[in-house]
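The following exercises are to be worked with the sequence and the model at hand. Each task is followed by a solution in steps.

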Amino acid sequence: MPYVEASVRSRQFVAAAREVMQRDGVAATTLRAVAAEAGVPLGTLQYVFSSKEALLRAVIEDVVEEISTVLAGTVELDRGLAHAIRQGLTSFWSELVADHVKLQLMQGELLHYALRKPGQGSMASWQYRRYVAVLTDWCREAAVNAGEKCALPYDRLARVMLAGVDGLIAQYVCEPDDERARADLETVIGMLIASADIRPV
């Protein structure tokens, strides 16, 4: 087998893990199944990820990076916080939620797996801290770049934003209705902007 750098292998294994988790569910995913999906011996996978939990953390980080990339790549952060919230959440929904039910199921299952697995509760809290950190930095950058300030602390705005979007995702996964979901998302966006009470510095 030709030599492949560990960083490249890591990305390959994370991609394979995401495929297996979306197809079979997080609880049913094993290192052996991921190795088979990646087309490598189990030992090769274990050299990079010694446990399922280590692989799950890498998958969560990959999902967080994907969200961050969508937000950063689709929003003009110099046009103000309200614009960023509206455009960013709309783009996030279009690119990572609509027609991506299995991806959203996987993210929810990652959380519930960690909460139910003895000794893995810290992974669940870490998962949400990562989401909140991305949103906090993104909101702060949009406001600062436009010379604005927010009535709420940015981390609180991020947590409320995450809670609102998570609720809409749960409803969408149960009953995918694009028209209803987009209308509800607009309502959440309006509530977030109103609560932020954005003003010039």
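The exercises below concern a predicted model.

**Exercise 1.** List the buried residues of α6 and consider their spacing.

*Solution.* Step one: the buried residues are Leu103, Gln104, Met106, Gln107, Leu110, Leu111, Tyr113 and Ala114. Step two: an α-helix has 3.6 residues a turn, so residues three or four places apart point the same way.

**Exercise 2.** Is Gln127 buried or exposed? Identify the residues that Gln127 touches.

*Solution.* Step one: Gln127 is placed in helix α7 (residues 121-145). Step two: the cut-off for a buried residue is under 20% relative accessible area; Gln127 has 1% and is therefore buried. Step three: leaving aside residues up to four places away in sequence, Gln127 touches Ile60, Gln107, Leu110 and Leu111.

**Exercise 3.** How many cavities of 30 Å³ or more does the structure hold, and which residues line the largest cavity?

*Solution.* Step one: there is one cavity of 30 Å³ or more. Step two: the volume of the largest cavity is about 40 Å³. Step three: its lining consists of Leu168, Gln171, Tyr172, Arg180, Ala181 and Asp184. Step four: α8 (154-174) and α9 (178-196) are the elements that give two or more residues to this lining. Step five: the lining residues divide into three nonpolar, one polar and two charged.

Terms used:
Residues numbered from 1 in each chain as written. Predicted model: local features only at pLDDT ≥ 70, side-chain atom pairs only at ≥ 80, totals over all residues. Heavy atoms only, no water. Buried < 20%, exposed > 50% of the residue type's maximum accessible area, 1.4 Å probe, protein only. Helix = DSSP H or I, 4+ residues; strand = E, 2+ residues; numbered from the N terminus. Contact = heavy atoms within 4.5 Å. 1 Å grid on protein atoms, 1.4 Å probe; cavity = no way out; pocket = protein on both sides within 12 Å on 5 of 7 lines; lining within 4 Å. Points joined across faces, edges and corners; volume = space filled by probe spheres on them. Nonpolar A, V, L, I, M, F, W, Y, C, P; charged D, E, K, R; others polar.
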